Structure formats: C-alpha cells, structure tokens
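This briefing concerns the strands of the structure shown here and the way in which they pair.

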Amino acid sequence: ATGTAGALLSLQSALTYRIFVQFHDIPAGRAWELEPTGSRANATPIVIDSQIHGTSWHPNDDVDWFRLPIPQRGILSVGLHRPDGIGVTEMRLTDAGGNELAAATAEPITNNAFVSLNVLAGTYYIQLNPESEDTTNEYILTPVLINNAFHNAVDTILGRDSELIVTLDWV
C-alpha cells in the first residue's frame with residue numbers, strides 16, 4: 001500500500017533520540033475500518049453478515065462511522081465486541097436522515113453492546129463514540145439482517161406425530 005504518514009516530535013532536552021517506525025499491512029482475511037471516519041460523509045462501508053474490525057485512535061475523539069445498506073425489510077441486529085476495552089463505547093444506529101433509531105453502550109465489564117430493531121430497505125449508519133478508551137483497543141462490529149424464520153417440529157397435539165413446518169417472511 002502507498003500513502004503518507006506524518007509524525008510530530010517534541011524534544012524536551014538536548015539528548016539525541018533514535019526513533020524506529022515499522023509499518024505493518026492489515027492482517028489478511030479481516031475487514032478494517034478506513035480512516036478518517038469521523039463523519040457520515042466518510043463512513044466506512046459495511047455489509048450485512050460480515051465483521052469489520054477497528055480501533056479507537058484517541059481515547060475520546062475518534063468517532064467511527066459505518067454506512068450499512070439494507071437490501072430488504074427485516075430485523076437488523078448489530079453487535080459490538082471490544083475484547084480488551086477499558087473505557088466506554090457508545091453505539092448509535094441512525095437512518096439516512098440522521099435520526100437515531102437505537103443506541104447501546106459497551107461497558108468495561110461486559111465489553112459488548114447490542115441493538116436489534118425492525119428496519120425497511122435503505123441506508124443506515126452506525127456511529128461508535130469512545131470515552132476514556134485505550135488507543136490500542138480493537139473492536140469488532142457485526143451486523144446481521146433476519147428477513148425470514150423457519151422452524152419445524154413434530155406436532156403431538158393436533159396431528160399425532162405429524163411434522164409441523166412454520167415459515168415467517170417479512171414482506
């Protein structure tokens with residue numbers, strides 16, 4: 001990958017310092033948030049039934065945005081997992097107009113947040129706001145859309161051991 005990286009160094013004494021900088025590629029097989037994502041206009045695209053990884057580059061001021069297209073009506077569930085979180089991260093789900101639809105907070109003890117609600121087809125945004133978070137803490141964001149449910153069972157009451165199949169579709 002190519003790009004530009006900058007560093008600001010402020011020396012407090014006349015000593016000579018040697019500084020090593022080593023860049024690593026993003027781990028293969030993982031999707032990562034793209035910086036800058038501090039606004040809806042720069043939101044990282046994310047798709048249903050995927051996982052995206054990210055970090056908070058600043059304990060309080062690195063707001064991450066994600067753009068999520070929903071292809072059809074259903075139940076949208078979004079999970080946030082911060083395995084080593086030390087602060088608080090608030091997750092907000094908004095519609096294309098910026099209206100907040102749901103919110104949840106990942107606390108230091110559980111390190112998880114979860115929202116679930118009925119949605120129509122359209123574009124939605126997920127906003128992550130850290131507070132007192134470690135800048136090396138990684139998080140995983142997972143959106144899932146449930147648009148039908150299928151269940152089968154043996155009916156022992158009405159049909160005497162006949163199979164009962166129920167399918168629910170959102171239309």
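In this predicted model, the bridge partner of Asp-64 is Leu-128 in β8. This residue pair belongs to the contact between β3 and strand β8 (residues 122–131), which run antiparallel and are joined by seven bridges.

**Strand β3 and its partners**

- Five of the seven residues of strand β3 (residues 64–70) are buried, that is, under 20% relative accessible area; the strand is therefore largely enclosed by the rest of the structure.
- Besides its antiparallel pairing with β8, β3 pairs in the parallel sense with strand β1 (residues 44–45), over two bridges.

**The open four-stranded sheet**

- Four strands form an open sheet in the order β2-β9-β4-β7, and their pairing is antiparallel.
- The edges are formed by β2 (52–55) and β7 (112–119), each of which pairs on one side only.
- On average, neighbouring strands of this sheet are turned by 20° against each other, with direction ignored.

**The pairing of β4 and β7**

- Eight bridges link strand β4 (residues 74–81) to β7, and the two strands pair in the antiparallel sense.
- Gly-79 has Phe-114 in β7 standing opposite.
- β7 is one of the edge strands of the open sheet, and β4 stands between β9 and β7 in the strand order.

Key:
Residues are numbered from 1 along each chain as its sequence is written. This is a predicted model: local features need pLDDT of at least 70, side-chain atom pairs count only at pLDDT 80 or more; totals for chains, interfaces and linings use all residues. Side-chain values use heavy atoms; hydrogens and water are left out. Two strands pair if DSSP finds at least two bridges between them. Axes are lines fitted to C-alpha atoms, for helices over the stretch in contact, and angles run from 0 to 180 degrees between N-to-C directions. Buried means under 20% relative accessible area, exposed over 50%, partly exposed in between (1.4 Å probe, protein chains only).
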